[in-house]
Amino acid sequence: MQRWVLHCDLDAFFAAVEQRDRPELRGRPVIVGGDPGSRGVVATCSYEARAFGVRSAMPLAQARRLCPHAVFLPVRRERYAEVSRQVMAILARESPVVEPVSIDEAYLEVAGDGVAAARRLREAVRREVGLAMTVGVGPNRLVAKMACQMAKPDGLLAVPPEGVQAWLAPQPVEALPGLGPATAQRLRRAGIATLGQLAAADPLVLQRLLKGRAAELQARARGWDPRPVGVPAPTRSLSEERTFGRDRQPAAVLPVLAELCEELGTRLRQHGYRATQVTLKVRYADFTTITRSRALPRPICADGELFAVARELLARHVPADRWLRLVGVAAAGLVHRDDPQQLSLWPGDTRSLRLAEAVDRVRRRFGRRALGLAARWLPGGEGEAAPRGGGPDRTAGRATPTADRRRAGPAAAGAGAGGGRPWTRS
Ligand code: DCP
Ligand code: MG
């Protein structure tokens, strides 16, 4: 039986929820993002406002110039997250293979009639939630997503496998997800303006233009996409760990753990990430190593929040009388601040980020120890770090990195690739 991938994306999501909740706003330009006199940006806007050129991420002041009669509304994240959950529940009725990718977007895999499934879903979301959802249907994720983009707003477009190449060929190179504006410009300068031209281009020419991405982009221009639905993208992670000069017991590990969390938090913020999962790693004196993870209800990047989770994992999973030679902490399930669709799933996080960034600024000016958790957890600090057993190991507890400290390095984080070695869960 033919398997289809469906890409479902709600139309003008935040604005559509506002128009649904307040019927007097229907048919009017609605801009969600806050006070147009503020320095904020547009989160989204209704299609009536898009007709005036207003777009997501545009400064609100500019939006007001383009569309002065629009209704400007604040962002009600909790409301949208609630509606999102309702929609995802409807999708889950249609197929066991559903992969949400943002607050208003998900991939589904269905067997049998993909178009019929898409119709049912659109109909159910309209009837039960009162929102318009566009659905793209295709043999794989790439085609489904592009079809959805083309069918917006309030549409359904299905591209059967045998029609993919002909459908893609006339489209501009910019239409290919993952092909950025700089790459598109390079291709256009070389006379490659459409996906058909990219699909047919000489591989050697592409190699010169696109380097390591040549083969992949050419294959995608032909409609190739092997990524399965339902398997989330590989978890990106950042980690910090330290081996002690002398083995320690868990209570004496806390100051080091606090420092590692500060270092991890600083790196997360530097690269614009927040973690939705924290993992503690411990190596016992006999070299057996365990990792214990905790999924978080919202993404975090503040040192104190990271430490609270790591400390809890340590208390719960590591017996107080065991001797440890290494401790580490990793942040995984990273979401990036430039991906507001991800971040908007969790309300109230901007304040903690501002706080953490203020701490970073103070540290840049006055040094790392000016403000910090770790000091409190050193023996004699106000924390409860009075060591049981082995006594303090001041070498490992210092602020300066010890020689055996390893880290993933900013390059890994900047590239968004897995930082550090992946820790296999035990
Ligand atoms: N969003 C945001 N900031 C952005 C982009 C989006 O806050 N820069 C939020 C508001 C959107 C929601 O995420 O309503 C979904 O993003 P989409 O890209 O799916 O945009 P819309 O659903 O608003 O419009 P459409 O899908 O019809 O293009
Ligand atoms: Mg949308």
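Ala 43 is located in the loop between β2 and β3. It counts as buried because 23 C-beta neighbours lie inside 10 Å. The model described here is predicted. Its chain contains 17 helices and 14 strands, and 39% of the 426 residues count as buried. Among contacts between residues at least 6 apart in sequence, 64% join residues at least 24 apart.

- Three strands, in the order β3-β2-β4, make up an open sheet with mixed pairing.
- Its edge strands are β3 (44–45) and β4 (71–73), each of which pairs on one side only.
- Strand β2, residues 30–32, runs antiparallel to β3 and is joined to it by two bridges.
- Within this pair, Val 32 has Thr 44 of β3 as its bridge partner.
- Helix α1, residues 13–21, packs on the sheet and touches β2, β3 and β4; the direction of α1 makes about 120° with that of β2.
- Ala 43 is eleven residues from Val 32 in sequence, and their C-alpha atoms are 5.6 Å apart in space.

**The five-stranded sheet**

- A second open sheet has five strands in the order β5-β6-β1-β7-β8, and its pairing is mixed.
- At its edges stand β5 and β8 (156–158), each pairing on one side only.
- On average, neighbouring strands of this sheet are turned by 15° against each other, direction ignored.
- Strand β5 (residues 97–102) pairs with strand β6 (residues 105–111) in the antiparallel sense, over five bridges.
- These two strands, β5 and β6, form a hairpin with two residues between them.

- Helix α4 lies across β1 (3–10), β5 and β6, and runs at about 15° to β6.
- Helix α6, residues 141–151, lies across β1, β6, β7 (133–138) and β8, and runs at about 140° to β7.
- Helix α4 (residues 77–94) also packs with helix α5 (residues 114–129), at an angle of about 145° and with the axes 10 Å apart.
- The crossing of α4 with α5 is right-handed.
- The α4 side of this contact consists of Val 83, Gln 86, Val 87, Ile 90, Leu 91 and Glu 94; the α5 side consists of Ala 117, Arg 120, Leu 121, Ala 124, Val 125, Glu 128 and Val 129.
- By class, the contact of α4 with α5 comprises nine nonpolar, one polar and three charged residues.

**Residues annotated in UniProt**

- An unreviewed UniProt entry places the feature "binding site" at Asp 9 and Asp 104.
- Although these positions are spread over 96 residues of sequence, they cluster in space, with a largest C-alpha distance of 5.6 Å.
- Asp 9 lies in strand β1 and counts as buried because it has 20 C-beta neighbours inside 10 Å, the cut-off for a buried residue being 20 or more.
- Not counting residues up to four places away in sequence, Asp 9 touches Asp 104, Glu 105, Met 133, Thr 134 and Cys 148.
- Asp 104 is found in the loop between β5 and β6 and is buried, because 26 other C-beta atoms lie within 10 Å.
- With residues up to four places away in sequence again left out, Asp 104 touches Asp 9, Leu 10, Phe 13 and Ser 84.
- The annotation "active site", also from an unreviewed UniProt entry, covers Glu 105, a residue of strand β6.
- Glu 105 is partly exposed, because 19 other C-beta atoms lie within 10 Å, whereas a buried residue needs 20 or more.

Notes. Residues numbered from 1 in each chain as written. Chains lettered and ligands numbered in written order. Predicted model: local features only at pLDDT ≥ 70, side-chain atom pairs only at ≥ 80, totals over all residues. Axes fitted to C-alpha atoms, helices over the stretch in contact; angles between N-to-C directions. Helix = DSSP H or I, 4+ residues; strand = E, 2+ residues; numbered from the N terminus. Left-handed = near helix turned anticlockwise from the far one by under 90°. Contact = placed C-beta atoms within 7 Å. Nonpolar A, V, L, I, M, F, W, Y, C, P; charged D, E, K, R; others polar. Pairing = 2+ DSSP bridges. UniProt positions renumbered as here; feature names shortened; annotations may be inferred. Buried ≥ 20, exposed ≤ 12 C-beta atoms within 10 Å, placed from the backbone.
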